[in-house]
Amino acid sequence: MPFIVLDDDNPYYMRGLKEYENDKMFLIDTIKHEQDLYEKTCEELLNFEIEENN
């Protein structure tokens with residue numbers, strides 16, 4: 001699943017990259033969070049288009 005790091009979450013992403021060797025799960029959890037946000041946005045956009053066509 002693709003993801004986009006939101007500006008507000010960028011410090012967490014950068015920390016995850018910097019500390020990856022010491023704490024892999026921090027980066028993984030940050031990416032999963034961003035993927036969840038991306039998926040929710042996509043679903044909302046798809047639902048909007050379907051509702052508009054009906």
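Met-25 lies in helix 2, which spans residues 24-53; helices (H or I, at least four residues) and strands (E, at least two) are DSSP runs, numbered from the N terminus. The model is predicted: local features need pLDDT of at least 70 and side-chain atom pairs count only at pLDDT 80 or more, whereas totals for chains, interfaces and linings use all residues. Residues are numbered from 1 along each chain as its sequence is written, and side-chain values use heavy atoms, with hydrogens and water left out. The chain has two helices and zero strands.

Met-25 counts as partly exposed because its relative accessibility is 44%; buried means under 20% relative accessible area, exposed over 50%, and partly exposed in between (1.4 Å probe, protein chains only). Together with Tyr-20 and Ile-28, Met-25 forms a nonpolar surface patch with about 240 Å² of accessible area. Patches consist of residues with over 30% relative accessible area and no salt bridge, with like charges joined within 9 Å and nonpolar side chains (Val, Leu, Ile, Met, Phe, Trp, Tyr) within 5 Å. A salt bridge is a side-chain nitrogen of Lys or Arg within 4 Å of a carboxyl oxygen of Asp or Glu.

Helix 2 also holds Thr-30, which counts as buried because its relative accessibility is 8%. Leaving aside neighbours within four places in sequence, Thr-30 is in contact (heavy atoms within 4.5 Å) with Tyr-12 and Tyr-13. Of the 54 residues of the chain, 11% count as buried.

Glu-43 is likewise placed in helix 2 and, at 43% relative accessibility, counts as partly exposed.

Note on methods:
Accessible areas come from the Shrake-Rupley method with a 1.4 Å probe; for residues, only the protein chains shown count as cover.
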